[in-house]
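Dear colleague,

I am handing over the structure below, and my notes on the ligand and its surroundings follow it. Please read them with the coordinates open.

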Amino acid sequence: MRQKYLKTEMIEGQVLYSIEHPKFKAKISQHGGQLVSFMDTSSKQDWLWLSRKASLFGDRAIRGGAPICWPWFGPSSNSQLPQHGYARLLSWDLISCESDENQMMIRLSCKLDEAAIDLSHLSLVVEYILSDEITINLHTENQTDKTIQISQAIHTYFNIENISNTEVSGLGGLPFLDQLTNSKSEGERDLVIDQEVDRIYETNNAIIELNSPNGIFEISGSHFDSVVVWNPWQDKAKLMSDFDDMGYQQMICVEMANTQGLTIYPKKDFTLSQRIKRKVGSRQY
Ligand code: BG6
């Protein structure tokens, strides 16, 4: 597919789509079909965090960028199956790419026939609409005559430069499940992260502001039932072979998700979206 702003690169034997557009630069990996880098022309740093130890070989999920968790989020009830499903482990096909001077729309479809389990009853397409902001639309189609349940997340790793100077707002007062203690609690107005955090907030309309030294990111979306906030902190980061030891200081995941069991009716489709805008500046500390 010839496209003025898009080039294909090979990194560690894997295809990476590299985009240089008047409004932004981005990279999308064919493995996992995921955005791994994005900067609008006014930013000095990547919006997305990518672990220095991330493997791009296609042998495992890429640690960073915006992995896609699908058709389940978290561990499977079958312990033989991978955490967060198959989408981030599979190769994707580029199916279309359209652009003008203002934006670019890129669509990839997941090669579900390469999964170790039968997913032929579903189809999965991701659509990136990139300009001076990011929209990620994840389309699932139920191709059968039966009702299907899935869970999913757009697991975006934000590059925030310094977690000690970062606040997450927009989740105050919302109930959340603390995955570390398996207990329920209520979100604080401005969340400051100074230890491991792994929370699933119950909300279908939150607009989150991530106020960081790397700018203020406004994170919104549609058709989600929860927002996940995750930082492994020091000890858990060390246990992950693909997570650079000090990387937890520079990242936070804020994920638009459906974690409660999403029903997709026969022959219907469903689109989960995450939208990210960056405002210049950051709160002064
Ligand atoms: C988050 C989960 O979404 O992803 C965490 O809430 C999990 O529980 C984290 O640890 C990372 O998962 P993985 O499989 O990429 O190491």
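How many nonpolar, polar and charged residues does the shell around the ligand have? In this predicted model, that shell has three nonpolar, four polar and four charged residues. The residues that surround the ligand are Arg 63, Phe 73, Gln 83, His 84, Arg 88, His 155, Gln 179, Asp 198, Val 228, Trp 230 and Glu 255.

Three of these side chains can be described through their distances to ligand oxygen atoms. For Arg 88, a polar side-chain atom lies 2.8 Å from an oxygen atom of the ligand, while an N or O atom in the side chain of Arg 63 is 2.9 Å from a ligand oxygen, and for His 84 the corresponding distance from a side-chain N or O atom to an oxygen atom of the ligand is 3.1 Å. The ligand taken alone exposes 400 Å², of which the protein buries 83%.

As for the site itself, the ligand takes up the space of the largest pocket, in which about 570 Å³ of space lies. This pocket is lined by 28 residues, and Phe 73, Gly 74, Gln 83, His 84 and Gln 179 are the closest to its centre. By class, the lining has eleven nonpolar, eight polar and nine charged residues, and at least two lining residues are supplied by each of strand 16 (197-202), strand 19 (226-231) and strand 20 (251-264).

With best regards

Terms used
Residues numbered from 1 in each chain as written. Predicted model: local features only at pLDDT ≥ 70, side-chain atom pairs only at ≥ 80, totals over all residues. Heavy atoms only, no water. Near = heavy atom within 4 Å. Polar contact = N/O pair within 3.5 Å; in protein donor to acceptor, adjacent residues only side chain to side chain. Areas by Shrake-Rupley, 256 points an atom, 1.4 Å probe, with all protein chains shown as cover. 1 Å grid on protein atoms, 1.4 Å probe; cavity = no way out; pocket = protein on both sides within 12 Å on 5 of 7 lines; lining within 4 Å. Sits in = over half its atoms within 2 Å of the grid points. Nonpolar A, V, L, I, M, F, W, Y, C, P; charged D, E, K, R; others polar. Points joined across faces, edges and corners; volume = space filled by probe spheres on them. Helix = DSSP H or I, 4+ residues; strand = E, 2+ residues; numbered from the N terminus.
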